[in-house]
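I opened the notebook to record what I looked up in this structure, going from the ligand to the helix pairs and then to the domains.

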Amino acid sequence: MKKNIFSEKNDLEGKPIFKDESVFYPDYFPLSITCRETQIKELTFLLKPLLVQKKANNVLVYGPPGTGKTLITNFVLKELCEYTKKVNFTYINLIKENTRVAVLSKVVSLFGGILPRRGLAIDEILSRTQELFSKADFSPIIILDEIDKMDKEETSKLLYDLARFNVGKRYFTLILVTNYKSFILELDNRTQSTLFLSDLEFPKYKPQEIKEILKERIEYGLVPGIISEDLIGYVAGFASGRGGDARIAIDLLYKAGKNTEKLGQSEITKDLLLSSARLVDSVKLSEKIRYLHPEEYELLLAIDEGIDVSTLYVKLKFSERTIRRYLENLEKLELIKIETYRVGKAEKRRVTLSVDPELLKKE
Ligand SMILES: Nc1ncnc2c1ncn2[C@@H]1O[C@H](COP(=O)(O)OP(=O)(O)OP(=O)(O)O)[C@@H](O)[C@H]1O
Ligand SMILES: [Mg+2]
């Protein structure tokens with residue numbers, strides 16, 4: 001009889017490594033949230049006026065990747081909606097819903113409405129939203145995550161309209177979440193002055209905080225004794241050196257666990273952790289370069305061992321202005337560093353790569 005390939009027992013299959021793999025998945029909602037007491041308190045305080053039917057300011061949540069912005073805003077809003085029926089919220093990720101119509105459809109569904117499949121004009125959708133809002137008996141809150149990912153003009157119009165909706169003294173409360181606080185400056189002036197934002201910063205996590213965050217995943221996710229304290233320290237240090245990003249720490253631990261399982265070893269070793277770390281680096285990098293403009297990618301490759309900005313102007317066929325814009329973006333993404341130096345009276349700018357050039361090649 002033909003044997004099924006899955007019936008084959010791997011000779012290397014050793015002791016189990018994971019108690020529950022799902023605690024390492026991106027959608028896992030931790031039972032305990034640590035190290036963010038200040039931000040939780042601040043957001044709670046900012047939203048409190050809604051409990052007494054007053055207007056709350058809109059909030060701008062900002063900070064680098066993996067610092068708990070999405071987790072904490074969702075957590076606080078869930079708590080708020082459990083506490084009172086006077087408030088309801090919807091979470092919208094603008095990478096997924098990246099047009100005004102898509103976002104407004106989700107807003108309409110917060111009120112229990114559905115938009116017809118035949119396309120409605122924006123004005124019709126807006127008046128539908130206003131109508132549903134006026135019948136609702138709660139204050140609506142909208143989390144707009146990754147707000148900087150949508151087209152700037154679309155974002156300006158969307159925010160302008162949402163910020164101005166009101167029924168008597170009830171308004172939408174908008175929670176904008178982004179990596180760059182400065183994205184606000186790219187919106188049109190009219191929108192900027194309508195928003196009245198309160199800022200809420202999420203700084204990078206320190207190594208000790210990342211260790212604290214990892215505790216729950218280790219306790220519920222791994223079989224006891226699979227990883228030593230020392231190596232947990234290494235994971236925390238690794239993630240802290242890459243922007244204090246808790247997601248990197250969780251990913252690294254998960255990958256190291258999977259590799260240990262694959263090799264049939266009974267504990268996570270330093271070597272395995274190091275090779276998994278390289279893998280995490282290359283995955284993170286490929287995520288970043290996947291979204292680059294082809295010309296930006298070409299510029300990145302042209303930097304090679306390091307190059308003067310003036311040489312780039314000559315070497316590449318794009319305009320100086322375009323090159324400056326690309327450089328700015330690549331620096332923001334921490335793919336390059338730009339340093340200024342002097343030759344006599346002249347000031348020169350030199351660009352170097354911040355990442356391993358080997359990892360830049362697309363497969
Ligand atoms: N304080 C914390 N306690 C427990 N888990 C945390 C904490 N902060 C972050 N995490 C976990 O780290 C991961 C990243 O967090 P989150 O998605 O909230 O980051 P983010 O700031 O929204 O990042 P990005 O800017 O990339 O969207 C998630 O798996 C989350 O559960
Ligand atoms: Mg997020």
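**Ligand shell and domains**

I began with the shell around ligand 1, which takes at least three residues from each of domain 1 (15–21 + 205–289) and domain 2 (37–201). I note here that the model is predicted.

I then listed the neighbours of ligand 1. There are 19 residues around ligand 1, and the closest are Pro65, Gly68, Lys69, Thr70 and Leu71. For the elements behind the shell, I found that α2 (69–83) and α9 (246–262) are those that give two or more residues to it. Sorted by class, the shell around ligand 1 holds 10 nonpolar, 6 polar and 3 charged residues.

**Helix α9 and helix α10**

The axes of α9 and α10 (residues 270–290) come within 9 Å and cross at roughly 125 degrees. Angles of 65 to 115 degrees count as roughly perpendicular and those over 145 as roughly antiparallel, and α9 and α10 are therefore oblique to each other. I recorded their crossing as right-handed.

On the α9 side, the contact is made by Ile248, Asp251, Leu252, Lys255, Ala256, Asn259 and Thr260. On the α10 side, I wrote down Leu272, Leu273, Ser276, Ala277, Leu279, Val280 and Lys284. The contact of α9 with α10 has 8 nonpolar, 3 polar and 3 charged residues.

**Helix α3 and helix α4**

Next I took α3 (residues 100–110) and α4 (residues 122–135), which pack at an angle of about 20 degrees with their axes 10 Å apart. Because angles under 35 degrees count as roughly parallel, α3 is roughly parallel to α4.

Which residues make the contact of α3 and α4? From α3 I listed Arg100, Val101, Leu104, Val107 and Val108, and from α4 Ile122, Ile125, Arg128, Thr129 and Leu132. By class I have 7 nonpolar, 1 polar and 2 charged residues in the contact of α3 with α4.

**Domain 1 and domain 3**

Last, I checked the division of the chain, which gives domain 1 (15–21 + 205–289), domain 2 (37–201) and domain 3 (292–362). How far apart are the centres of domain 1 and domain 3? I have 32 Å between them, taken over C-alpha atoms. In the contact, 5 residues of domain 1 meet 8 residues of domain 3. The side of domain 1 that touches domain 3 has 2 nonpolar, 1 polar and 2 charged residues.

Key. Residues numbered from 1 in each chain as written. Chains lettered and ligands numbered in written order. Predicted model: local features only at pLDDT ≥ 70, side-chain atom pairs only at ≥ 80, totals over all residues. Axes fitted to C-alpha atoms, helices over the stretch in contact; angles between N-to-C directions. Helix = DSSP H or I, 4+ residues; strand = E, 2+ residues; numbered from the N terminus. Contact = placed C-beta atoms within 7 Å. Nonpolar A, V, L, I, M, F, W, Y, C, P; charged D, E, K, R; others polar. Near = placed C-beta within 6 Å. Domains from an automatic or database assignment. Left-handed = near helix turned anticlockwise from the far one by under 90°.
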